[in-house]
Amino acid sequence: QYDVLIAGGGMVGGSLACALGGSGLRVGVIEPQAAGVTEQGPAPRVSAITLASQTVFENVGAWAGMCAQRATAMDGGSAENAGAVFLPSPVEAMRIWEDSSILNFDSADIGEPCLAWIIENSVIVAALAARMRQFANIEVLSPARVATAQFGDERVSVRLEDGRALQVKLLVGADGADSRIRRAAGIEWTRHDLGQSAIVAVVQTERPHAHTAWQHFLATGPLAFLPLADPQRVSIVWSADTARSVELMHLDAAAFNAELQVAFGDHLGSVQLASERAAIPLALGFARDYCAQRVALIGDAAHTVHPLAGQGVNLGILDAATLAEILLAAAARKRDPGAHTVLRRYERARKGADVGMQIVTG
């Protein structure tokens, strides 16, 4: 039996679990993937972590793990290239342009050491997984997946795909845009296909990026260059209309490099792929409700936004931090964590901010 069961132990679910670590609540985390494994070599999936999210990671004791150096073998694991270090990379400046219009932002202008951090998703997940293992009140069930959930007045009866049966006071859906928990709870989901895909990859640049993020607004969608710890490597997010993204994904590496050079220009000299490419279909999604009977939704299970501003995961982390604060306050008053009056406080606190971001980026 659990007070809180979190379906999904990724960046958002892991943040919630760690925020509840060390409390009097018994917390379970259901994660389909084996936890705590970082990718070897340059990982194309990264997140732009805001200073607010950094503060959350610091408060739950996971930031130090994200900053720990990790040696990996690159370029297919060749021994001569072993020892490359992947760390959070600060974004100290941003350059945004469309045609002849240019916007420049600098962290010095706001009195901060950086505007954001670029971190590999796998590093964030691994650090949160390691932190979860340090708390006696958190149990991680992995690999595991929720098969069914029945919502009662006093508890939720959860059955896992391996047959295990669990009884929980509050079930939290942190299981992504295609959330099983949201469907089981009967919460309506509105989805708007944007007709675009985001192509992600790691790119080698001729000149150092100087911890600057670049974004070029093209007719078919924005292209972002995000600085990595290696001074001559960036992570790209190239959002393009579906037809254009299919065309780009079918190009060989040399042809793709040529198209990327034309789209980005000569700001960092020549550019060339340093990883595999992946294409991610883009859509806006929004749950009608963030909570229902003994269930709460956080992260992509509650909302998805365009990657334009890099705010999707940050919204989810703030969801997790807000829900944790409300649950801990309820526990201190001996209140039921699954009570609807408790969960409505979370919904009121987060829904407006999430809708606002969708309007701005959609």
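Predicted model: local features only at pLDDT ≥ 70, side-chain atom pairs only at ≥ 80, totals over all residues.
The pairing of E6 with E9 belongs to an open sheet of three strands, arranged in the order E3-E9-E6 with antiparallel pairing. Strand E3 (46–50) and strand E6 (89–91) form the edges of this sheet, each of them pairing on one side only. From one strand to the next, the twist averages 30°. Helix H4 (residues 121–132) lies across E3 and E9, and the direction of H4 makes an angle of about 85° with E9.

A further set of pairings involves strand E1 (residues 2–7). This strand is mostly covered, with six of its six residues buried. E1 runs parallel to strand E13 (residues 165–173), to which five bridges join it. In this pairing Ile-6 faces Val-172 of E13, the two residues standing opposite one another. E1 also runs parallel to strand E2 (residues 27–30), in this case through four bridges. Here Leu-5 is the residue that stands opposite Gly-28 in E2.

At the level of the whole protein, nine helices and 22 strands are present. Of the 362 residues in the protein, 50% are buried. Contacts were also examined by separation in sequence: among those between residues at least 6 apart, 70% join residues at least 24 apart. The protein exposes about 15,700 Å², of which carbon and sulfur atoms supply 52%.

Taken together, the two regions described here can be set side by side. In the open sheet E3-E9-E6, the pairing is antiparallel, and helix H4 lies across E3 and E9.

Definitions and conventions:
Residues numbered from 1 in each chain as written. Heavy atoms only, no water. Buried < 20%, exposed > 50% of the residue type's maximum accessible area, 1.4 Å probe, protein only. Pairing = 2+ DSSP bridges. Contact = heavy atoms within 4.5 Å. Areas by Shrake-Rupley, 256 points an atom, 1.4 Å probe, with all protein chains shown as cover. Axes fitted to C-alpha atoms, helices over the stretch in contact; angles between N-to-C directions.
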